[in-house]
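My entries follow the structure below.

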Amino acid sequence: MGAGIAALVRRVVRGAPAGAPLAGIGMSVPGLVRRSDGLVRLAPNLGWVDVSPGSIILAALGVDVPVSLANDADLGALAEHGRGVGVGIDDLIFVSGNVGVGAGVVAGGQRLEGSGGYAGEVGHMVFDPEGRDCHCGSRGCFETEVGAHAIAEAIGCPVDAVGSLGDVLDGYATPPPALHRIGHQLGEGLSGIVNAFNPQVVVLGGYFRALHRLVPGDIAAGVHARTLPAPLESLVLSQPGLGADSILLGAAEMALEPLLADPVAGLQASLAEASSRLAG
Ligand SMILES: [Zn+2]
């Protein structure tokens with residue numbers, strides 16, 4: 001795992017301007033990240049349980065720079081709130097639809113983290129008690145009904161091609177009929193989130209971005225069918241303002257936070273050296 005991610009980091013560093021200092025590494029993780037120390041408690045779709053990717057990656061790279069980790073949907077919310085469609089909006093939820101489904105919640109202008117940092121695991125809300133088994137050990141979770149595998153199954157995309165599902169969805173000019181049902185189910189699930197948090201904007205990221213383009217009416221109908229009238233009044237369902245890159249931009253933003261908080265300490269010569277070593 002460390003070697004693969006380290007190779008990706010090296011590729012990014014090589015693409016940076018010559019002499020640019022490496023201020024830190026920001027990582028998005030599709031799973032539960034402990035806020036206190038960045039330990040990944042569970043990333044089921046990667047098979048990680050209590051893994052500390054930060055130290056593994058630094059060892060693989062042979063450098064010592066700050067590594068920040070956070071949940072993917074939380075980073076999407078951070079980026080969209082700071083620079084995307086949510087600028088100036090204090091109550092926003094970024095719902096990430098990938099292999100798993102999760103939500104990053106900004107409430108009253110603050111990121112909602114929960115006591116350990118695990119808030120927003122909406123993919124494991126019970127959606128259908130008689131539904132399919134979920135990898136989390138439960139049954140009928142929201143993500144078993146609308147996650148990547150459910151979408152792939154609905155449109156006849158082979159299991160081994162789920163990794164390219166985004167390209168498949170982007171290739172449709174009109175939606176395959178089965179996506180109407182998935183869109184409606186997505187809307188129904190979103191209604192639970194809207195009823196709980198009363199956001200002004202729900203940003204649909206990951207594969208849900210393509211679903212929103214293809215079946216916006218079905219998603220809206222699902223939301224309208226199940227959401228209480230009052231929180232529905234001001235609700236907007238939106239595409240990410242930052243396109244497909246919200247989560248990665250959020251990771252970059254998080255990695256820069258220590259530097260912006262203390263620029264002198266953050267730009268030590270050793271960081272520039274680390275950058276040149278990796279690029280070499
Ligand atoms: Zn589950």
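I listed the contacts of Asn71 (heavy atoms within 4.5 Å), leaving aside its neighbours within four places in sequence, and found Val29, Gly31, Val33 and Glu121. I note that the model is predicted, so that local features need pLDDT of at least 70 and side-chain atom pairs count only at pLDDT 80 or more, while totals for chains, interfaces and linings use all residues. Residues are numbered from 1 along each chain as its sequence is written, and side-chain values use heavy atoms, with hydrogens and water left out.

I placed Asn71 in strand β5, residues 67–71; strands (E, at least two residues) and helices (H or I, at least four) are DSSP runs numbered from the N terminus.

I looked next at what the side chain of Asn71 reaches. One of its polar atoms lies 2.9 Å from the backbone oxygen of Gly31. The side chain of Asn71 also comes to 3.1 Å from the backbone nitrogen of Asp74.

I turned to the salt bridges, each a side-chain nitrogen of Lys or Arg within 4 Å of a carboxyl oxygen of Asp or Glu. Side chains of opposite charge can pair when their charged atoms come close. How many salt bridges does the structure hold? I recorded nine.

I examined Glu113 and Arg35, whose closest N and O atoms are 2.6 Å apart in a salt bridge. This pair links distant parts of the chain, 78 residues apart: Glu113 is in the loop between β8 (110–111) and α4 (142–146), and Arg35 is in the loop between β2 (32–33) and β3 (40–43). Glu113 is partly exposed at 24%, and Arg35 is partly exposed at 43%. I also noted a network of salt bridges that links Arg35, Arg111 and Glu113.

I checked Glu153 and Arg132, a salt bridge with its closest N and O atoms 3.1 Å apart. Glu153 lies in helix α5 (residues 148–155) and Arg132 in the loop between β8 and α4, so this pair ties together parts 21 residues apart in sequence. Glu153 is exposed at 58%, whereas Arg132 is partly exposed at 33%.

Asp37 is partly exposed at 43%, and Arg34 is partly exposed at 26%.

Methods: Buried < 20%, exposed > 50% of the residue type's maximum accessible area, 1.4 Å probe, protein only. Polar contact = N/O pair within 3.5 Å; in protein donor to acceptor, adjacent residues only side chain to side chain.
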